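This note sets out several points for a student who is reading the model for the first time. Please keep the sequence and the structure in view while working through them.

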Amino acid sequence: MEPKTIEFRRSLITSEVDKSRILRHQAHMGFLEDLKAGAMVIDGAMGTALYEQGLLYTSSLDAASLTRPEVVRKVHESYVRAGAHAITTNTFGANRFRLQPHGLSDRIEDVNRASLELARDAADGRAVLASVGPTGTLLKTMGALDLEQVRDSFREQARVLKEGGTDAILLETFRQPAEIRLALEGVRAGTRGEVPVVACVSFDAFGTMADGTEPEQMAQALAQWGADAVGVNCSDGPAGVYEMIVRMTGSGLPLIAIPNAGLPRRVEGRFAYRATPEYFQLYARRFYKAGVHAVGGCCGATFEHIRKVVAAARMAAGQANSSEDMGGGGSREMRQHRIASAPGVEVSPVMQKGKLGAKIGTEFVVSVEVNPPPGLSLDKALHGAAALKEGGVDVINVADGPRASARMGNIALCLRIEQQLQMPALMHVTTRDRNLLASVAHLLAAHELGVRNLVVITGDPPKMGDFPDATPVYDTDSIGLIRLIKAMNHGYDPGGKPIGAATSFLIATGAEPAAQDYEREIRRLEQKVEAGAEFIMTQPVYDPEVLDRFLKDIQHLNTPVLVGLLPLASHRNAEFLHNEVPGMRIPEEVRERMRGAGMGSDARAVGVSIAREMLMEVRDRVHGAYIMPPFARYKTALDVIKGVVAPPES
């Protein structure tokens, strides 16, 4: 295979989150810099993994690096394959106090060096974090001389790990504030302050350390004692760790969350952990959204759990940093053209991508969402689409399992709309349900059938829907899928192989003008446009000032925008959207209007008025409207655009 083809394949499939971290560590740019970039993934459990391989808890698991190195290496390699960005060493208990009961106090250096070498060999350029756990002693019973020995044990272990070339020291599962202070002092002495130190503590069910210290105070203390990053590990699972870590943001240091896979229970004589990989993924997304820089797994977290965390990290960080992916710097416009067309194919400009492509950016476009049915009949949806066309709507939006519901595949409804109504359909494509191969197959089939207008989104997780135990895929996120489609529009498959022709998909993407993490939303939108998105459709907006800020901040993208409008059905509907749907923010005055409107048709009429007012206010500042009528009340959409958009001439 040609080297250029190999690099092209990497640029399409390998996420920026995965690749850039490896490149940075190979270039020795530093663990802390990488951590501060965010969306890092640390590996999962070592102790429980070794237990599953037949090692007994009564033995020294750290000594397995000497006695069973092939087993330890196998665990590391499983996390590397899962996509972890940082690998932790098998040295949690490799200190003087924990090795002594096993007759290994004279082999501290051997155990730590062997463990570090195994981790670095398996890491393949990734960061290696040296795990350092507590001594297992009760400090309250010790005198000053004994406390000095505790500090010295940490210094002793840290010196060996520094000499072995660790990227950072990871202090984890400390319950006594006094002990982690001794650990920080000992590690700083043993490394001469030349190695970053991450300080992770574990809280009890009441949210306190062993002496009653709460997360806010603990974070401040760790920062004062010299930690470079702080975090929470172990505890009773993702929910408990989430509650604690969000209370530690005041330190100003990078945050790390490493939860257990729930609480263990004994099943047929063995310990089993109950938190599923999917549940881990759900909380990983919450961790990253809350500002946590790195997520990993503690007891019970397997490589499957970490694989799901990696998927969440890709969604959190995006997959597009085109200056890295496409092999160079330069302006956004220059990077946009780095994918050359495959030999013998022509790339279709937007204006030549069907009726919708001809209108986008030149005329005011109205799109209305019509969802596929949960059953077999398309009649109601087609009847609604026909009425919308007659009322002046330009294109029908067809969602892909909205809110993770089980419905007919939207390609069927899109095809019927295109063929029977001679009207453009805009098909949503998510990364939730299809792996990379299935996504390519789905897209090629849609193109062959004439369904070529796409809205590319990541998709709601199954936990939100009727089948919460369904398995999400998330091989990529919306940015990665947009890049894949752009490559197909240039005549290449995801592996960089010419496909003999170029697709002519028109690519839309979504945006949340009222996103809680607004800076991240703008950054991801820039990446989506850079990856190939050709117009933007927003979540519903109810405040003109929110939209004005958004339009100003994306002006440099020079990309058409369709503003999202969702006519409110009731006060209850408004409160639900405001409080429970991410990216939705409904001003208090709007919710008050809905509260005063009562119920039923009166409330719906006020909801329509609010949406019309918003549309009239912003009509001259956007390129179209994307209307989402609640509960399939399509007439509501026509009421919103009445007098704003003229119906077609008969």
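Predicted model: local features only at pLDDT ≥ 70, side-chain atom pairs only at ≥ 80, totals over all residues.

1. Alanine 39 sits in the loop that lies between helix H3 (31-36) and strand E1 (40-41). Its backbone also deserves attention: phi of alanine 39 is near 55 degrees, which is positive although the residue is not glycine. Most residues other than glycine have a negative phi.

2. A second residue with a positive phi is glutamine 422. The phi of glutamine 422 is about 50 degrees, and glutamine 422 is not a glycine either. The loop between H19 and strand E13 (425-430) is where glutamine 422 is found.

3. Is histidine 85 buried or exposed? Histidine 85 is buried, because its relative accessibility is 2%. Histidine 85 and valine 128 are 43 residues apart along the chain, yet a distance of 9.0 Å separates their C-alpha atoms.

4. The chain as a whole may be considered next. The protein chain has 650 residues, of which 56% are buried. Its secondary structure consists of 27 helices and 18 strands. Among contacts with a separation of 6 or more, 78% are made by residues 24 or more positions apart.

5. Which residues touch the most other members of the largest nonpolar core? They are Leu50, Leu171, Val201, Leu222, Met248 and Tyr288, in a core of 73 residues. Leucine 222 can be followed in detail: leaving aside residues up to four places away in sequence, it touches Ile180, Leu184, Ala199, Val201, Ala227, Val230 and Met248. There is also a second, separate core, with 69 residues, including Ala446, Met488, Ile522 and Ala533.

6. Two packed helices are described by the angle between their axes and the distance between the axes. For helix H8 (residues 108-123) and helix H9 (residues 144-163), the angle is about 40 degrees and the axes are 9 Å apart. H8 and H9 are therefore oblique to each other, and their crossing is right-handed. On the H8 side the contact involves Ile108, Glu109, Asn112, Arg113 and Leu116, while H9 contributes Glu156, Gln157, Arg159, Val160, Leu161 and Glu163. By type, the residues of this contact are four nonpolar, two polar and five charged.

7. The other pair is helix H18 (residues 379-390) with helix H19 (residues 410-420), whose axes come within 11 Å and cross at roughly 45 degrees. H18 and H19 are therefore oblique to each other, and H18 passes H19 in a right-handed crossing. Ala381, Leu382 and Ala385 of H18 meet Leu413, Arg416, Ile417 and Gln420 of H19. Here the division by type is five nonpolar, one polar and one charged. The student may wish to set this list beside the one in the preceding point.

Technical notes
Residues numbered from 1 in each chain as written. Heavy atoms only, no water. Core = buried A, V, L, I, M, F, W, Y, C linked by side-chain atoms within 4.5 Å. Buried < 20%, exposed > 50% of the residue type's maximum accessible area, 1.4 Å probe, protein only. Contact = heavy atoms within 4.5 Å. Axes fitted to C-alpha atoms, helices over the stretch in contact; angles between N-to-C directions. Helix = DSSP H or I, 4+ residues; strand = E, 2+ residues; numbered from the N terminus. Parallel < 35°, antiparallel > 145°, perpendicular 65-115°, else oblique. Left-handed = near helix turned anticlockwise from the far one by under 90°. Nonpolar A, V, L, I, M, F, W, Y, C, P; charged D, E, K, R; others polar.
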